[in-house]
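Please look over the structure below before reading on. The text then takes it part by part.

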Amino acid sequence: MKIDEDRCVRCRQCMLYCPVGAIKEDEDTVYIDQDLCVECGVCLRSGACRVGALYQPQLGWPRILRAQFSDPLVPHPSTGIMGRGTSGMKTNDVTGRFREGEVGFAVEMGRPGVSTSFEEVEKVTIALAGKVEFEPLNPVTSLIEPETGRLRDPDVRRERVLSAIIEFKTSEDRGLEILRLLKEVSEGLETVFSLCVISRCRDFEIPFRERMVAAGFQPRINGKTNVGLGRPLA
Ligand code: SF4
Ligand code: SF4
C-alpha cells in the first residue's frame with residue numbers, strides 16, 4: 001500500500017486501522033513503512049481516507065505473497081480459496097484427511113499486531129522436515145521443498161505477512177516428539193504462534209489428549225460437528 005503525498009492532508013485517520021503499525025509519520029509526511037506493511041488492504045477498505053490518498057500499486061513476486069497471506073479477499077493460487085488457510089482440518093468428517101492413528105497439527109504463525117516473516121516460518125518448516133507429512137494443499141507447503149523445509153525461493157524470506165499456517169500430520173506415536181520439537185524451536189522465534197492439534201475420537205475419548213496431558217501439555221478442547229453435508233469417510 002502507498003500514500004500519494006500530493007493528496008495526503010496528514011489527518012492520520014488511516015493510522016488507526018493498520019493492524020501492524022506500518023503507517024507512520026515524521027515532521028512532514030505520513031508514510032507507509034514498506035517493510036512492515038503486509039498488504040492486508042485494511043486501511044484502504046476502511047474508507048478512512050477522505051481525499052483518496054491511499055492507493056494499492058500492482059504487486060509483483062514475491063511481494064504479492066503479502067496480500068495472498070494477509071488480505072482475506074485475495075485467493076491463494078495453491079488452494080483457490082481466500083486467505084492463507086485450508087478448509088480440510090475443520091471438515092475432517094468428510095475429507096478424511098486425518099485417519100485413525102494419525103494426529104494433525106496447524107501452526108499459525110503471526111497475529112494482527114505482531115505479523116511474521118517467512119524467515120521465521122522457514123525456521124519451523126526446516127525443524128519439521130523429514131519428521132512429518134506436510135499438507136500438500138496448503139499455501140506454505142507450496143513455497144517449500146517438503147524434504148528439507150527450505151523455501152524454494154530465498155527471496156521469499158524477507159516478505160512479511162499477518163499470519164501463515166503450517167499444516168502437517170504424523171502418527172500418534174510420534175505426536176509428542178513433534179510437540180516437544182515445536183516447543184524447542186519456538187524459543188528461537190521472533191514472532192508468536194498458536195497451535196491446533198487434531199486427532200480422532202475413539203469410544204467417546206480423545207486418546208492423544210490423554211497422552212498430551214500426561215506429558216505436561218494443557219490442550220483446550222475444541223470441537224466441530226458437520227451435520228449432513230457430506231458422506232463420512234472411514
Ligand atoms: S495495507 Fe495493511 S499493513 Fe499495509 S499500511 Fe494498510 S493496513 Fe497497514
Ligand atoms: S487518511 Fe489519507 S489523508 Fe489522512 S493521513 Fe492517511 S493517507 Fe493521509
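The model is predicted. Around ligand 1 are Met-1, Cys-18, Pro-19, Val-20, Ile-23, Ile-32, Cys-37, Val-38, Glu-39, Cys-40, Gly-41 and Cys-43. By class, this shell has 10 nonpolar residues, one polar and one charged. The shell around ligand 2 includes Cys-8, Cys-11, Cys-14 and Cys-49, and also Arg-10 and Arg-12. It divides into nine nonpolar, no polar and two charged residues.

Glu-39, listed around ligand 1, also forms a salt bridge with Arg-63, with the closest N and O atoms 2.8 Å apart. The two residues are 24 apart in the chain: Arg-63 is in the loop between β4 and α2, and Glu-39 in the loop between β3 and α1. Glu-39 counts as buried because its relative accessibility is 2%, and Arg-63 is also buried, at 18%.

The model has 16 salt bridges. One of them joins Asp-71 and Arg-45 at 3.1 Å, N to O. Asp-71 lies in the loop between α2 and α3 and Arg-45 in helix α1, so this pair ties together parts 26 residues apart in sequence. Asp-71 is buried, at 10%, whereas Arg-45 is partly exposed, at 42%. Elsewhere, Arg-97, Glu-135 and Glu-167 are linked in a network of salt bridges.

Helices α5 (residues 172-186) and α6 (residues 207-214) pack at an angle of about 35 degrees, their axes 10 Å apart. The crossing is right-handed. Among the residues that meet are Leu-176 and Leu-179 in α5 and Phe-208 and Met-212 in α6. The contact has five nonpolar, one polar and three charged residues.

Key
Residues numbered from 1 in each chain as written. Chains lettered and ligands numbered in written order. Predicted model: local features only at pLDDT ≥ 70, side-chain atom pairs only at ≥ 80, totals over all residues. Heavy atoms only, no water. Axes fitted to C-alpha atoms, helices over the stretch in contact; angles between N-to-C directions. Helix = DSSP H or I, 4+ residues; strand = E, 2+ residues; numbered from the N terminus. Left-handed = near helix turned anticlockwise from the far one by under 90°. Contact = heavy atoms within 4.5 Å. Nonpolar A, V, L, I, M, F, W, Y, C, P; charged D, E, K, R; others polar. Near = heavy atom within 4 Å. Salt bridge = Lys/Arg side-chain N within 4 Å of Asp/Glu carboxyl O. Buried < 20%, exposed > 50% of the residue type's maximum accessible area, 1.4 Å probe, protein only.
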